Amino acid sequence: MFHRSFFICTFAGGKNERSDFFSRLIPIITYRNRYSETGQIMEKFEINILGCGSALPTTRHFPTSQVVNVRDKLYMIDCGEGAQLQLRRSRLKFNRLNHIFISHLHGDHCFGLPGLISTFSLLGRTATLHIHAPAALETFLDTLQKSFCQNVGYRIALHAIDTETHSLIYEDRSVTVHSLPLRHRIPCCGFLFTEKQSLPHIRREMIDFYHIPDYEINRIKAGADWTTPDGTVIANNRLTRPAAPARSYAYCSDTLYSPQLLPYINKVDLLFHEATFTEEHALRAQETCHSTARQAAIQARDCGAGRLCIGHFSARYEDETPLLEEARSVFPHTLLATEGMVLTL
């Protein structure tokens, strides 16, 4: 059963702009509750949509940017113009953002970096900012630092990504991030975020029943059995409950329809896939190395995704409903990205 929640946004635009937004407002569907099937509270894994537009600016959308929140660690994916403004509106904490992943060097995916880097300095940041991106971003960052950001009080570390391979590009205690080779006009990759598997949950009633001391709990969570004073071995599966399966999120933008991705994103819980055009403009999608909503849905269906969220909409569409309908005709569990949306895995 799906848990339904709603989001609240404030608007600087006029009455018509607000009406247009609310005419497209849909509930955010969190397709896995914050509780596992065994009733255990699950740790946070959220996708915050900061922008879902494409290259041409509109009054309806910000350029592409997202923040993945895993156990209150923040990871930004792409940083289009205005990303820092949207980050502020989202009420996410700037100081928890230490890693930015840039898919490619088109402006709608990286022109937000200068402002964000400058703002971090104004906020007194001292922690290193890690940017994972194609190697060509180094020239952009060098120019930026020499021209505008000479005295930032923190280090910017660029980690070059090989956009042609599927490889591990980052790992910490909470998550792994793999690159996903995409097909675009310039070197480009997507990103697969996979949660680290949690340890089993302790059955407190069994711990109490066997009078197991608290200092043994970490060993039991790590898989150890328990031996009672009379030598009886209590199997670990009687003392613990399995943790919920690790969750995963794949971000695929910008790209042509690419079935070569399927092995890498097999059974992903949530797939974000660009849907710049409808099938009516399929030729234009091919010419510009983008996807249609139908192609995004085919990708989701064929990889066995739990849910699909489409975005990176062309400015030509005043209303994205046709894109949503086209995708749902192939893959019903499709959502339309909207600024301010928070998707909970």
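What percentage of contacts in the protein between residues at least 6 apart in sequence join residues at least 24 apart? The value is 64%, where contact means heavy atoms within 4.5 Å. The model is predicted: local features need pLDDT of at least 70 and side-chain atom pairs count only at pLDDT 80 or more, whereas totals for chains, interfaces and linings use all residues. Residues are numbered from 1 along each chain as its sequence is written, and side-chain values use heavy atoms, with hydrogens and water left out.

**Figure 1. Overview of the predicted protein.** The secondary structure comprises 11 helices and 20 strands. Helices (H or I, at least four residues) and strands (E, at least two) are DSSP runs, numbered from the N terminus. Of the 345 residues, 52% count as buried. Buried denotes under 20% relative accessible area, exposed over 50%, and partly exposed in between (1.4 Å probe, protein chains only).

**Figure 2. The buried side of helix 5.** Helix 5 spans residues 137–147, and its buried residues are Leu137, Leu141 and Leu144. These residues cover an arc of only 60° around the axis and therefore lie on the same side of helix 5; the arc is that of the directions from the helix axis to the C-beta atoms. An α-helix has 3.6 residues a turn, so residues three or four places apart point the same way. Helix 4, strand 7 (129–134) and strand 8 (156–161) are among the elements that cover the buried residues of helix 5. Thr139 and Lys146 are exposed on the face turned away from the buried side.

Figure 3. Leu113, Leu116, Ile117, Thr119 and Phe120 are buried in helix 4 (residues 113–122). Their arc around the axis is only 160°, which puts them on the same side of helix 4.

**Figure 4. Packing of helix 11.** Within helix 11 (residues 321–328), the buried residues are Leu323, Leu324, Glu326 and Ala327. Viewed down the axis of helix 11, they fall within an arc of 165°, so they line one face of the helix. Helix 10 (293–303), strand 18 (307–311) and strand 19 (334–336) are the elements against which these buried residues pack.

**Figure 5. The surroundings of His106.** His106 is located in the loop between strand 6 (97–101) and helix 3 (107–110). Its relative accessibility is 19%, so His106 counts as buried. A polar contact of 3.3 Å joins the side chains of His106 and His184. Such a contact is a pair of N or O atoms within 3.5 Å; within protein, one must be able to donate a hydrogen and the other to accept it, and residues adjacent in sequence count only if both atoms are side-chain atoms. Apart from neighbours within four places in sequence, His106 is in contact with His184, Arg185 and Ile186.

Figure 6. Arg71, in the loop between strand 4 (65–70) and strand 5 (73–79), has a positive phi of about 55° although it is not a glycine. His211, in the loop between helix 6 (204–209) and helix 7 (217–221), also is not a glycine and has a positive phi of about 55°. At 69% relative accessibility, His211 counts as exposed. The peptide bond from Ser253 to Asp254 is cis, with omega near 0°; Asp254 belongs to the loop between strand 16 (248–252) and strand 17 (270–274).

Figure 7. On a 1 Å grid over the protein atoms alone, a cavity is a set of points where a 1.4 Å probe fits but cannot get out, and a pocket is an open set with protein on both sides within 12 Å along at least five of seven lines; lining residues have an atom within 4 Å of a point. Grid points are joined across faces, edges and corners, and a volume is the space filled by probe spheres set on the points. The structure contains 2 cavities of 30 Å³ or more, and the largest cavity has a volume of about 60 Å³. Residues lining the largest cavity include Gly53, Ser54, Phe313 and Ala315.
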